[in-house]
Amino acid sequence: MRSFRLLGFVAAVALAAAAGIGSAQAAEPAAGHVTPAAHTHHLAHGVVSLPAQQLQHFSHLLHSQRPASGHGVANQTSTNWAGYAANSGSFTSVSSSWVEPDVSCNSSGIVAFWIGLDGWGSSTVEQDGTGVDCSSGSPQQFAWWETYPANSIQEYGDPVSAGDSLTSTVTDTGGGQYQMVLTDNTQGWTENQTVGASGSDASAEVIAEAVTSGSSVTPLPDFSSVNFSGSTFNGSPMSGSGAQAIDMTDSSGNVIASTGPDDGNGDFTVTYSGG
């Protein structure tokens, strides 16, 4: 168990005790929110409730800015996202594949790679993916999901390693239910669950993220690059949905992760460039 998980759990228990809530209730999402549909490892390992380092969710676009016209710059910028997102219309499904990068812990931050619905211009999120925590000084990979605010970040107990091939799909199945499927094609496990959430389907994303702890974005670890492929919004290549490329910048406006062009089939690369 990584140290930040332990600290997050202890903090959650302490807060629950102060509110008169039992520790088991503090460690799990509210009853009735999650209905497992099909699992490979989920039942054996369960899920671990975060926040990690005060993380409650890490999925909203921060400080988005459109480029000034006439400068020849197509990408938007954000202080925590890099990748592609669309928020013009209604989005009921998103899918993509990626290869887990070999992260070098040149900082103590956390980087996440995920797909999802909502989070850009909405207060809800339905997302899952992988992450790498560098708070201990060495990369610690993990797989996770969340449907904020119904369920904060939940960690699957499945192994993830650099070089693994991941595939995920998140689908609004109607009636306030979302199917979330995350597969590690290399390790041979799949998580498939139906989750109750009050989503608005306002956006769809395929993202590499510098995770926020408390009120601050953590320093972005060096992930070199991450290759996303076959990305679709509403079952079609994301290029047809008005998806916009986003570069990640530091607080001074310097680009620290740049997003390459979409080839029309939903294949693109996000490249670390410092920070």
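Gln244 sits in strand β18, which spans residues 244-249. The model is predicted. The side chain of Gln244 makes a polar contact with the side chain of Gln76, at 2.4 Å. Asn87 is another residue to look at here. Gln244 and Asn87 are 157 residues apart in sequence, yet their C-alpha atoms are 8.9 Å apart in space.

Now turn to strand β10, residues 165-174. Strand β5, residues 93-99, runs antiparallel to β10, and seven bridges join the two. Strand β11, residues 177-184, also pairs with β10 in the antiparallel sense, over eight bridges. Thr167 shows both pairings. Opposite Thr167 of β10 stands Ser97. In β11, the bridge partner of Thr167 is Thr183. In a regular strand, side chains alternate between the two faces of the sheet.

β10 and β11 form a hairpin with two residues between the strands. Gly175 in this hairpin takes a positive phi near 65°.

Next, the cysteines. How many disulfides does a search of the whole structure find? It finds one. The disulfide joins Cys105 to Cys134, with an S to S distance of 2.0 Å. Cys105 lies in the loop between β5 and β6 (110-118), and Cys134 in the loop between β7 (125-133) and β8 (140-147), so the pair ties together parts that are 29 residues apart in sequence. The torsion about the S-S bond of Cys105 and Cys134 is about -75°, so this disulfide is left-handed. Is Cys134 buried or exposed? Cys134 has a relative accessible area of 1%. Buried means under 20%, so Cys134 is buried.

Key: Residues numbered from 1 in each chain as written. Predicted model: local features only at pLDDT ≥ 70, side-chain atom pairs only at ≥ 80, totals over all residues. Heavy atoms only, no water. Helix = DSSP H or I, 4+ residues; strand = E, 2+ residues; numbered from the N terminus. Polar contact = N/O pair within 3.5 Å; in protein donor to acceptor, adjacent residues only side chain to side chain. Pairing = 2+ DSSP bridges. Disulfide = S-S within 2.5 Å. Buried < 20%, exposed > 50% of the residue type's maximum accessible area, 1.4 Å probe, protein only.
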